[in-house]
Each structure stands twice: as C-alpha cells, then as structure tokens.
Amino acid sequence: MKVAIIGQGYVGLTIAAFASKNHQVVGFDNNVENVVRLNTGISHIEGVESADIAAAISTGNYVATTEVKDLADAEIVVIAVPTPLTKDRKPDLSYIDSACRSIGSGLTSPALIVNESTSFPGTLRDYIKPLVEKYSTDKIEHLYAISPERVDPGRTDWNQKNTPRLYAGLTPKASIKTREFYSSFCDNLIEVSSPEVAEAAKLFENTFRQVNIALVNEFSQIAHALGISVHETLEAANTKPYGFMKFNPSAGVGGHCIPVDPSYLAYMAAGKGVPATFIERANEVNLEMPKYIVSRVKSDNGGSLQGKSVQVIGVAYKPNVADVRETPAELVIADLLAEGANVSWHDPVVESWRGVESSELGGSEIAIVVTLHDVMDASKVATSAPYVFDTTGKISEVRGL
Ligand SMILES: NC(=O)c1ccc[n+]([C@@H]2O[C@H](COP(=O)([O-])OP(=O)(O)OC[C@H]3O[C@@H](n4cnc5c(N)ncnc54)[C@H](O)[C@@H]3O)[C@@H](O)[C@H]2O)c1
C-alpha cells in the first residue's frame with residue numbers, strides 16, 4: 001500500500017520505520033531541514049535507527065517530502081502532528097487543521113485517514129472529517145479512523161510490534177481497513193465501539209499517570225517530613241501482589257504527553273459542566289515540585305543560594321532522550337535563578353539547549369540531578385559537587401527525594 005504519514009517526529013517517524021518494511025511510505029513534514037536529513041538516511045529520533053531509514057530509502061519504500069502533491073494517490077494517510085496547549089492551556093488543534101488542509105487538497109483518490117495524534121473525544125468525527133472535506137477540492141469521500149499512539153520514545157521492550165493498539169473507524173469499512181493496515185506491523189489490535197472511546201482511552205491513560213505521579217510526589221514530601229525514606233516505603237508497599245502500582249517521585253512531569261493530555265480531558269469536562277478536580281490538582285502538585293526541591297536544597301545549604309554556583313544535571317524530561325519539551329529542569333533552573341544562584345547545566349544527551357551548550361560535569365558548589373541518562377556515570381555524578389541532591393532516586397549515596 002502507499003502510505004502517507006503527516007508529521008515525521010517521534011510518532012510519525014517511528015510508524016514510518018515499521019510501515020516501510022511492508023509498504024511504500026511517504027513521510028510528509030513541513031520542517032525542510034528534517035526532510036532533507038531524512039532523505040540522506042539520517043534519523044533525528046531516538047529509537048529510530050538511521051540504518052533502518054537508509055535501508056527503506058534504498059528499497060524505494062521510504063521518501064520524505066514537504067510537497068503536498070506527493071500525497072496524491074496514497075491509500076492510507078496517518079496524521080501524527082503535534083497537539084499542544086495554547087497559552088491559556090486549551091487544546092491547540094492548529095497543526096491538525098493544517099494537516100487536514102494538506103490531506104484534503106493533496107489526495108486525488110479515496111483513502112483511509114487515520115488520526116494518531118492525541119486529542120479529545122470527537123476530534124475525528126467533528127473536526128478532522130469536516131476539515132478534510134472542506135479542503136478537498138474534488139469532494140472525494142474518504143474513510144476515517146482513530147488509532148491513538150502509545151509509543152514511549154527510547155523504550156525497547158514495548159514497541160510498535162508488541163504494544164497493543166486501540167482503533168475504531170467512523171464506519172465498519174474504515175475499521176476493517178484500519179485493522180488490515182496496522183496488522184502488517186502490529187501483533188495485537190483491539191477494536192473499540194467508537195472513535196470517541198479510543199480518543200478518551202488515550203487521554204485517560206495519560207491522566208492516570210499524571211495523577212499517580214502527583215500522588216507520589218506529594219507523598220515524597222510527607223515522607224520527608226515524617227523522617228522516613230520514600231523509596232523504601234514505596235518498595236515495601238510494592239510487595240503487595242495486587243491493588244498497587246509503583247510510581248517514583250521526581251522533579252515533575254515533562255514531554256509532549258503527560259503535562260498536556262490531561263488538560264484536553266479537563267477541557268472537555270469543563271465544556272460539559274463536569275469538574276476535573278484531580279487533573280487540576282495533579283497539575284499543580286507536579287508544577288510545585290521544582291520549588292519544593294529548591295527549598296530543600298536551600299535549607300540544606302545555610303538557608304540561602306544567593307551567589308552560590310549550582311549545576312543542574314540532566315535537563316531532558318526523562319532518561320535517554322534529548323526531548324526538553326515541558327521539562328521540569330526549566331522550572332528548577334528558574335527557581336534557582338530567582339534565589340540568586342549562578343546556574344549551569346550538564347546533559348550529554350541534550351548537548352545544546354536554547355543556543356547554550358551543555359557544560360562539563362562538575363565545578364559547582366551544588367548539583368541537582370533532574371534526569372540520569374544511562375550514558376552518565378552515577379558515581380561520577382554523585383561526587384560532582386560537595387553537595388549533590390538527587391531527584392531521581394537512583395543515587396542512594398547522596399541526599400534526595
Ligand atoms: N512523543 C510521544 O511520546 C507521543 C506518544 C504518544 C502520542 N503522541 C502524540 O502524537 C502526536 C505527535 O507527537 P510527536 O511527539 O510525534 O510530535 P513531534 O513534534 O515529535 O513531531 C511532529 C512533527 O510534525 C511536523 N508537523 C507539524 N505540523 C505539520 C503539518 N501541518 N504538516 C506536516 N508536518 C507537520 C513537525 O515538523 C514535526 O516534525 C501528538 O498528538 C502527541 O501528543 C506523542
């Protein structure tokens with residue numbers, strides 16, 4: 001099948017790498033630099049090997065493009081564009097809108113259009129379908145389906161092949177075609193009764209994580225006040241074989257999903273007049289963690305950070321990825337600067353952030369570990385400053401959450 005994937009980022013390129021083993025894939029993206037790089041066989045996404053992209057190019061099964069005309073005769077179109085929040089934390093569907101414009105105007109024959117971008121229930125039926133139809137110059141009738149993406153970038157044990165995938169078509173024909181496409185590279189497909197159930201399930205999965213992370217972050221503060229180890233307590237609770245799932249305390253949540261998706265659910269709830277109190281409070285607790293961490297570091301260091309040198313170690317939002325979107329490190333740095341500290345950061349995976357290069361490990365009076373990548377030597381991190389505060393729970397010999 002000829003498959004067009006709109007957006008060649010974390011989700012779209014990951015799908016492209018799997019689908020191009022059996023299909024002819026066109027990777028459509030409006031980032032010219034990435035498209036040029038992809039066409040030379042270089043991947044910009046962790047977990048997608050350059051060798052796989054280069055191999056697919058050499059067999060004629062992959063090409064990246066910025067040209068709408070290359071979508072022309074695609075049989076399957078997958079939407080994998082960002083769905084962030086606006087400044088006032090409302091769903092921003094502008095990328096979906098522009099993807100629909102390209103799809104509507106680019107397709108020249110009937111196709112199955114599958115949305116993988118995360119959004120609120122009703123997005124496929126009430127937003128994507130009408131938009132594609134609006135922009136379709138030839139008024140072609142397409143099929144529509146949703147199959148929310150569950151990829152966890154950097155993770156190898158669960159991937160496109162073995163992670164169960166939800167899906168639902170707007171019509172039975174769309175569902176059948178969706179199953180046919182995804183079963184070519186995914187082992188476990190689960191059909192649900194409507195696109196809205198699949199859209200809501202994706203939002204609830206990430207809300208579940210957001211709320212549980214907030215709960216354990218709050219508990220870490222309670223445990224510290226009680227003078228007990230949060231990590232030992234969590235390990236103890238985790239010996240219960242049922243009814244408990246362990247989450248770890250941290251500097252907060254980051255990335256494109258956990259800090260964003262629950263707000264899509266809250267937005268829908270507000271529209272229906274239903275309170276989403278857990279989501280709102282969980283968001284607040286997670287966003288307050290950097291302040292709590294800086295206050296702990298401050299109190300351990302004579303009650304003031306004025307003029308002290310502090311290195312923030314690991315600025316990616318999670319280990320082994322270079323993704324700094326919504327990273328809690330940003331708030332930690334902002335709070336340290338507000339306390340008058342001289343702040344530097346070190347991250348061998350991120351390397352460059354906002355035009356600043358990562359500094360060498362060490363050389364500061366204080367270090368705060370926000371993210372510990374596998375390539376970092378924990379013992380060197382533990383001795384990188386006279387005082388080290390670990391938020392990851394991975395360096396037992398220093399102070400931390
Ligand atoms: N990253 C994850 O771990 C993850 C997991 C599950 C679901 N999701 C969801 O998948 C969607 C995509 O996320 P991502 O992480 O891949 O984002 P990303 O930012 O890594 O990639 C998106 C790509 O889309 C391109 N793009 C934007 N607008 C476009 C347009 N109109 N036409 C063509 N290309 C366009 C961008 O240039 C970028 O390369 C989001 O809805 C996200 O919430 C992400």
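Arg 354 is exposed, with a relative accessible area of 61%. That value comes from a predicted model. Exposed means over 50% here, so Arg 354 passes the cut-off. Arg 354 sits in the loop between strand S11 (352–353) and strand S12 (356–357). Its phi angle is near 55°, a positive value in a residue other than glycine.

Arg 354 also has a partner. Glu 330 forms a salt bridge with Arg 354, and the closest N and O atoms are 2.7 Å apart. Glu 330 belongs to helix H11, while Arg 354 is in the loop between S11 and S12, so the pair ties together parts that are 24 residues apart in sequence. Glu 330 is partly exposed, with a relative accessible area of 31%.

**Other salt bridges**

How many salt bridges does a search of the whole structure find? The search finds 20. One of them joins the side chains of Asp 73 and Lys 2. This pair links distant parts of the chain. Asp 73 is in the loop between S3 and S4, and Lys 2 is in strand S1 (residues 2–6), 71 residues apart from Asp 73. Is Lys 2 buried or exposed? Lys 2 counts as buried because its relative accessibility is 18%, and buried means under 20%. Asp 73 is partly exposed, at 45% relative accessible area.

Another salt bridge brings together the side chains of Arg 155 and Asp 157. Both residues also take part in a network of salt bridges that links Asp 152, Arg 155, Asp 157 and Lys 318. Arg 155 counts as partly exposed at 40% relative accessibility. Asp 157 is partly exposed too, with a relative accessible area of 44%.

| Salt bridge | N to O distance |
|---|---|
| Asp 73 and Lys 2 | 2.5 Å |
| Arg 155 and Asp 157 | 2.7 Å |
| Glu 330 and Arg 354 | 2.7 Å |

**Around the ligand**

The shell around the ligand holds 26 residues. Which of them come nearest? They are Val 11, Asp 29, Thr 83, Ser 98 and Thr 118. By class, the shell has 12 nonpolar, 10 polar and four charged residues.

Helix H1 (10–19) and helix H4 (94–106) each supply at least two residues of the shell. The largest share, three residues, comes from H4.

A polar backbone atom of Val 11 is 2.8 Å from an oxygen atom of the ligand. For Tyr 10, a backbone N or O atom lies 3.0 Å from an oxygen atom of the ligand. For Val 81, a polar backbone atom is 3.4 Å from an oxygen atom of the ligand. How much of the ligand does the protein cover? On its own, the ligand has 830 Å² of accessible area, and the protein covers 91% of this.

Phe 204, Phe 208 and Met 245 make a nonpolar surface patch of about 320 Å². Where is Met 245 placed? Met 245 is in the loop between helix H8 (230–237) and helix H9 (261–271). Met 245 counts as exposed because its relative accessibility is 52%, and the cut-off for exposed is over 50%.

**Residues in other loops**

Asn 320 has a phi near 70°, a positive value in a residue other than glycine. Its place is in the loop between strand S9 (309–313) and helix H11 (328–338). Asn 320 is partly exposed, with a relative accessible area of 29%.

Leu 71 is in the loop between strand S3 (62–65) and strand S4 (76–79). Is Leu 71 buried or exposed? At 1% relative accessibility, Leu 71 counts as buried. Leu 71 and Ser 109 are 38 residues apart along the chain, and their C-alpha atoms are separated by 10.0 Å.

Ser 184 lies in the loop between helix H6 (172–182) and strand S8 (189–191). Ser 184 is partly exposed, at 26% relative accessible area. Ser 184 and Glu 357 are 173 residues apart along the chain, and 42 Å separates their C-alpha atoms.

Technical notes:
Residues are numbered from 1 along each chain as its sequence is written. This is a predicted model: local features need pLDDT of at least 70, side-chain atom pairs count only at pLDDT 80 or more; totals for chains, interfaces and linings use all residues. Side-chain values use heavy atoms; hydrogens and water are left out. Helices (H or I, at least four residues) and strands (E, at least two) are DSSP runs, numbered from the N terminus. Buried means under 20% relative accessible area, exposed over 50%, partly exposed in between (1.4 Å probe, protein chains only). Patches are made of residues with over 30% relative accessible area and no salt bridge: like charges are joined within 9 Å, nonpolar side chains (Val, Leu, Ile, Met, Phe, Trp, Tyr) within 5 Å. Accessible areas come from the Shrake-Rupley method with a 1.4 Å probe; for residues, only the protein chains shown count as cover. A salt bridge is a side-chain nitrogen of Lys or Arg within 4 Å of a carboxyl oxygen of Asp or Glu. A residue is near a molecule or strand if one of its heavy atoms lies within 4 Å of it. A polar contact is a pair of N or O atoms within 3.5 Å; within protein, one must be able to donate a hydrogen and the other to accept it, and residues adjacent in sequence count only if both atoms are side-chain atoms. Ala, Val, Leu, Ile, Met, Phe, Trp, Tyr, Cys and Pro count as nonpolar, Asp, Glu, Lys and Arg as charged, and the others, Gly among them, as polar.
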